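Try each task by eye before you read its solution.

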Amino acid sequence: NGSGKTAVTEAIDFAYTGNVAEGFNKEEIITVGEASGYVRLKFSHKGKIGTIIRHLDSSQVTLTYDGK
């Protein structure tokens, strides 16, 4: 119904795996007019907070877990 549920699940998949949705490439999903983009995903595991930041225009990925 156009509320963005698919976009959210695709962003989560990209954050974890680096894969973009079938039929798209990374350049096509960067916002028009922008040179780059990234996904930031916060998660909780065993009571500790983690963050994954994955960039669309490079292979750069950053993982922090429990502040480290």
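Predicted model: local features only at pLDDT ≥ 70, side-chain atom pairs only at ≥ 80, totals over all residues.

Residues are numbered from 1 along each chain as its sequence is written, and side-chain values use heavy atoms, with hydrogens and water left out.

**Exercise 1. Get your bearings**

Work out how many helices and strands the chain has, and in what order they run.

Solution. 
- Start with the count: the chain has 2 helices and 3 strands. These are DSSP runs numbered from the N terminus, with helices being H or I of at least four residues and strands E of at least two.
- Next, the order: going from the N terminus, you read α-α-β-β-β.
- Then the extent: along the principal axes, the C-alpha atoms fill a box of roughly 35 × 30 × 20 Å.
- Last, the burial: of the 68 residues in the chain, 21% are buried. Buried means under 20% relative accessible area, exposed means over 50%, and partly exposed is in between (1.4 Å probe, Shrake-Rupley method, only the protein chains shown count as cover).

**Exercise 2. Look into the largest pocket**

Find which element gives the most to the lining of the largest pocket.

Solution. 
- First, the volume of the largest pocket is about 280 Å³. A pocket is an open set of points on a 1 Å grid over the protein atoms alone, with protein on both sides within 12 Å along at least five of seven lines; a 1.4 Å probe is used, and lining residues have an atom within 4 Å of a point. Points are joined across faces, edges and corners, and the volume is the space filled by probe spheres set on them.
- Now the lining: it has 15 residues, and Ala7, Glu10, Ala11, Ile29 and Val39 lie nearest the centre.
- H1 and strand E1 (38–45) each supply at least two lining residues, and H1 gives the most, with 4.
- By class, the lining has 11 nonpolar, 3 polar and 1 charged residues. Here Ala, Val, Leu, Ile, Met, Phe, Trp, Tyr, Cys and Pro count as nonpolar, Asp, Glu, Lys and Arg as charged, and the others, Gly among them, as polar.

**Exercise 3. Check the backbone**

Find where Lys46 lies, and say whether it is buried or exposed.

Solution. 
- Lys46 is in the loop between E1 and strand E2 (48–55), and it is exposed, with a relative accessible area of 73%.
- Its phi is positive, about 55°, although Lys46 is not a glycine. Most residues other than glycine have a negative phi.
- Asp66 also has a positive phi, near 55°.
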